[in-house]
Amino acid sequence: MAESYDKKVKFLEEMANKIRQKIIETLLEAGSGHSASTLGSADIFTALYFYILNHDPKRPDMPERDRVVLSCGHYCPVQYVAMAFAGYFPIEELKTLRKLNSRLQGHPHYGVLPGIEATSGPLGSGLSQSIGMALAARMNREKHRIYCITSDGEQDEGNVWEAVMFAGKNRINNLTAILDRNNIQIDGYTENVMPLEPLRDKYEAFNWHVLEVDGHNIEAIIDAVNEAKAIYEKPTLIIAHTIPGKDVGFMECEFKYHGVPPTPEEAVLALKELRTLCGKIQED
Amino acid sequence: MLNPQVKLSPDIFKEEIKKEPTRFGFGEGLVIAGDANPNVVVLCADITASTRCDAFRDKFPDRFFQMGIAEQNMAVVAVGLALSGKIPFISSYATFSPGRNWEQIRTFVAYSNANVNIAGAHAGISTGPDGATHQATEDLAIMRVLPNMRIFVPCDSLETKKATVAAAKIWGPDYIRFAREKTPIFTTEDTPFVPGKAEIFWESAKPKCAIIACGPLVYNALLAAKELEEEGIGTIVVNNHTLKPIDEKTIIDVAKRCRTVVTVEEHQVTGGLGGAVAEVLAKNLPTPMGFVGMQDTFGESGPFDQLIEKYGMGVGAIKEAVTKIVKKR
């Protein structure tokens with residue numbers, strides 16, 4: 001068991017690396033899009049789509065599936081890439097991102113791409129959509145869970161706190177929010193633009209159970225998600241501390257890479273870094 | 001004369017006609033819809049009694065959600081419920097929902113084509129003493145511009161009940177608008193209500209103007225039509241309860257027969273019913289038009305009936321608009 005689990009973790013880490021490479025290629029092809037946060041959250045999406053979720057990419061409307069609601073819609077390239085590798089649609093289709101007649105809209109559109117559970121992009125509303133899905137599941141006595149992926153920048157939105165208050169009041173325990181705490185937003189570092197700390201205390205004050213993990217430690221992400229399942233009296237927030245631009249040295253922690261794709265030259269460099277694990281191994 | 005086929009109330013022009021706010025019909029409609037379908041759920045933002053959601057809440061407590069004063073969250077939680085197969089109604093005052101939460105409605109309800117029903121209470125200037133902050137006179141414009149959105153503006157409490165029951169059955173986003181103040185119940189259970197189909201309520205011999213109205217002001221339009229007929233000006237009065245998708249056929253038909261049109265609405269004359277009818281006619285049959293409604297201005301505090309007079313939506317104002325426009329035939 002232990003050995004097979006270790007093997008699984010190794011597989012997940014390799015998958016996260018593959019997903020990062022594909023993000024670079026996909027954004028380069030698209031010519032616009034968000035680099036830093038998509039690279040930074042690749043481990044979270046890998047853990048979700050390749051370990052945590054009860055889902056079947058060949059049956060995206062399976063009633064008992066877990067729901068993933070991406071609140072920060074600009075992260076969608078990492079979700080699309082993870083979904084493509086998981087088998088929701090052909091990997092080739094990633095080349096259509098942000099292009100005319102594509103199912104891969106610049107921000108996700110509910111109803112056009114099976115497996116996308118919600119429209120998002122305008123920030124701060126994913127938690128509300130997740131709550132609605134969680135209430136419906138509760139009313140129907142269904143066992144699936146709702147995973148809301150949210151970012152730190154969007155905590156500036158008032159709608160978030162309306163939702164946080166409601167979920168705490170109603171003990172929405174089939175909802176787990178995973179917050180990508182990468183400390184950047186378009187105009188700069190979150191603590192300069194609009195300070196969020198003490199973020200943990202804020203959620204706890206609204207009756208949430210809060211966990212904090214290293215968002216690049218896939219085992220830690222999985223453990224936190226499992227702990228959340230065992231919390232019956234509250235919704236759970238997992239604050240995943242991540243490095244924006246993770247594994248592409250020149251992008252790491254640079255807020256200027258928040259909302260832009262790599263240039264062709266940067267893409268070459270980024271892919272070389274990713275293929276060699278930052279120079280630790282030889283490139284094939 | 002009144003169109004006998006639409007079976008309006010025999011008391012319609014009597015002093016003692018029964019009056020009730022249109023929102024009462026919403027409350028009754030919710031309970032009927034809730035009885036008919038267990039997936040119907042109701043969300044309210046701290047004004048449950050005022051929007052008449054209390055009867056539903058008391059009958060189906062497990063299907064009622066108190067959202068607090070948080071219209072943005074309310075709209076999007078409803079989307080999550082709808083995408084999971086529920087049939088949510090969200091209710092607040094129209095200035096707040098769909099006013100304050102318009103972007104949430106635009107992106108998450110309309111763009112997702114989610115089966116969410118939006119109920120805007122206290123619409124128009126019927127909110128009277130509360131003043132302009134609470135008088136929604138722009139809601140039809142901001143909803144009409146949204147793709148996928150269907151809009152009902154019922155004329156009395158009974159029609160509001162029918163519209164609410166219909167909205168629960170129709171798949172897709174709906175907006176229903178209703179008012180606070182008591183207004184006459186002049187339709188009957190037998191009056192037809194078919195979504196998307198405008199009804200002719202009044203038709204004079206040799207009509208010279210088609211009065212196309214929506215909401216409780218349809219009653220004022222009928223009073224005006226009666227007086228105008230007595231004064232020798234024949235009209236047709238259309239109850240245009242579905243603003244979107246609008247009944248182009250009926251509008252073109254009455255415009256062709258009358259050769260002039262006056263629209264009547266408790267809303268800004270831009271973007272609402274007047275705008276919608278003007279678009280239909282400009283495309284199909286350019287016709288001289290008059291516009292009765294709020295003339296690009298905000299309201300103020302005051303008794304409802306006096307506000308209607310001051311802001312030019314009374315019987316006299318409708319008659320004046322008709323008299324003026326028929327000269328352009």
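Let me start with helices H1 (residues 2–30) and H3 (residues 42–52) of chain A, whose axes come within 9 Å and cross at roughly 120 degrees. Axes here are lines fitted to C-alpha atoms, for helices over the stretch in contact, and angles run from 0 to 180 degrees between N-to-C directions. That makes H1(A) oblique to H3(A); angles under 35 degrees count as roughly parallel, over 145 as roughly antiparallel, 65 to 115 as roughly perpendicular, and the rest as oblique. Helices are DSSP runs of H or I with at least four residues, strands are runs of E with at least two, and both are numbered from the N terminus.

A word on the source. This is a predicted model, in which local features need pLDDT of at least 70, side-chain atom pairs count only at pLDDT 80 or more, and totals for chains, interfaces and linings use all residues. Residues are numbered from 1 along each chain as its sequence is written, while chains are lettered from A and ligands numbered from 1 in the order in which they are written.

Back to the pair. On the H1(A) side, the residues that meet H3(A) include Leu12(A), Met15(A), Ile19(A) and Ile23(A). Their partners in H3(A) include Phe45(A), Ala47(A), Phe50(A) and Tyr51(A). Contact means C-beta atoms, placed from the backbone, within 7 Å.

Now Gln129(A), which is found in helix H5 (residues 126–139) of chain A. Is Gln129(A) buried or exposed? Gln129(A) is buried, with 34 other C-beta atoms within 10 Å; the cut-offs are 20 or more for buried, 12 or fewer for exposed, and partly exposed in between, with C-beta atoms placed from the backbone. Leaving aside neighbours within four places in sequence, Gln129(A) is in contact with residues of both chains, including Val69(A), Ala118(A), Val76(B) and Phe108(B). Gln129(A) and Ala163(A) are 34 residues apart in sequence, yet 9.2 Å apart in space, C-alpha to C-alpha.

Last, chain B. Helix H10 (residues 273–284) has twelve residues and reaches 17 Å from its first C-alpha to its last, close to the 16 Å expected, where the expected span is 1.5 Å times one less than the number of residues. Among its buried residues are Leu273(B), Val277(B) and Leu281(B). The elements that cover the buried residues of H10(B) include helix H9 (248–258) and strand S13 (261–268) of chain B. The axes of H9(B) and H10(B) come within 10 Å and cross at roughly 70 degrees, so the two helices are roughly perpendicular to each other.

Conventions
Contact = placed C-beta atoms within 7 Å.
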